[in-house]
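Hi,

Here is the structure I said I would pass on. Have a look at it first, and my notes on what turned up follow below.

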Amino acid sequence: MKKIFLFFIFIAPMLFLSCLGGDGDDTDVSFGIPNPPLPNCEYCIPQGALFTCEEIKDALNRIKQIRAEVGLPPLEWDCQLAEAAQRWAEYLAEHGLFEHEPNSPYGENLYMVYGSIPTLVEAIEDWYEEKKNFKLGADWCKNFQEVGHYTQLVWKDTTKIGCGMAKYKGKNAYVIVCKFYPPGNICNELPF
């Protein structure tokens, strides 16, 4: 009886902690290396993100359709962008903010909703709605506030996207952040 008691007090906690330490392969987000794709999922999902592999697939298919309308290739999901987007989403949610990340090297679209957990496709559809305000021409940027999310989705030089989502602290609200690379929305250039 005494040996079993000692096992649970001294040995079991050490075994538990050694399991947490992993096998020396530091692929955890806390080490700055993106999580690998989940089993049965071709996309990496940032730790803490509130969406599924199927949602990423649906979102990329919708973006593919939107970009095809203007003759552009689809965007690829990028693990580093997804990690950066998740970090910013968590920062916004923790601090009760809704603003773009300052000095970011990426393009960025934000989406916030109250109530139920949104999907990535809902955010993309919201940004796509801005197409009705867009007029292709040298002065497209004059109404940037009304078209900037749409133009980032269809920016000709952008090839990669990654998204994150977080729940606001103490609120029934959620924020989705998507990062794009290379960034778009350069006002003296045409989007496509």
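Predicted model: local features only at pLDDT ≥ 70, side-chain atom pairs only at ≥ 80, totals over all residues.

Asn-103 sits in the loop between helix 3 and strand 2 (107–114), where helices (H or I, at least four residues) and strands (E, at least two) are DSSP runs, numbered from the N terminus. Its phi is near 60°, a positive value in a residue other than glycine. Asn-103 counts as exposed, at 80% relative accessibility; the scale here is buried under 20% relative accessible area, exposed over 50% and partly exposed in between, with a 1.4 Å probe and protein chains only. Asn-185 also has a positive phi, of about 60°, and is not a glycine. It lies in the segment after strand 4, but Asn-185 is buried, with a relative accessible area of 18%.

Residues are numbered from 1 along each chain as its sequence is written, and side-chain values use heavy atoms, with hydrogens and water left out.

On confidence: the mean pLDDT (the predictor's confidence in each residue, from 0 to 100) of the protein chain is 85, and 80% of its residues reach 70 or more. Watch residues 1–34, where pLDDT stays under 50. For that stretch the model has 20 contacts beyond four places in sequence, a contact being heavy atoms within 4.5 Å.

The overall layout: the protein chain has five helices and four strands, running α-α-β-α-β-α-α-β-β from the N terminus on. Of its 192 residues, 39% count as buried. Among contacts with a separation of 6 or more, 66% are between residues 24 or more positions apart.

Now the aromatics. A search of the whole structure finds nine aromatic pairs. Rings of Phe, Tyr and Trp (its six-membered ring) pair if their centres lie within 6.5 Å; planes under 30 degrees apart count as stacked, over 60 as edge-to-face and the rest as tilted. One of the pairs is Trp-88 with Tyr-91, which is stacked at 4.9 Å centre to centre and 15° between the planes. These two are three residues apart in helix 3 (residues 79–95), so about one helical turn separates them. Trp-88 is buried, with a relative accessible area of 10%, and Tyr-91 is partly exposed at 35%. The pair of Trp-140 and Phe-144 is tilted, because the ring centres are 6.4 Å apart and the planes are at 55°. Trp-140 is buried, with a relative accessible area of 1%, whereas Phe-144 is partly exposed at 30%. Both belong to one aromatic cluster, along with Tyr-128, Phe-134, Tyr-150, Trp-155 and Phe-192.

Tyr-128 and Tyr-150 turn up again where two helices meet: Ile-124, Trp-127 and Tyr-128 in helix 4 meet His-149, Tyr-150 and Leu-153 in helix 5. Helix 4 (residues 120–128) and helix 5 (residues 144–153) pack with their axes 8 Å apart, at an angle of about 120°. Axes are lines fitted to C-alpha atoms, for helices over the stretch in contact, and angles run from 0 to 180 degrees between N-to-C directions. The two helices are therefore oblique to each other; under 35 degrees would be roughly parallel, over 145 roughly antiparallel, 65 to 115 roughly perpendicular, and the rest is oblique.

Two lysines are worth a look too. The charged end of Lys-167 sits over the ring of Tyr-174, 5.9 Å from its centre, and Lys-171 lies over the face of Tyr-168, at 5.7 Å from the ring centre. The test is NZ of Lys or CZ of Arg within 6 Å of the ring centre and within 35 degrees of the ring normal.

Last, Pro-74, in the loop between helix 2 (53–68) and strand 1 (76–77). It counts as partly exposed, at 41% relative accessibility. Leaving aside neighbours within four places in sequence, Pro-74 is in contact with Lys-64, Arg-67 and Thr-159. Pro-74 and Val-154 are 80 residues apart in sequence but 9.3 Å apart in space, C-alpha to C-alpha.

Cheers
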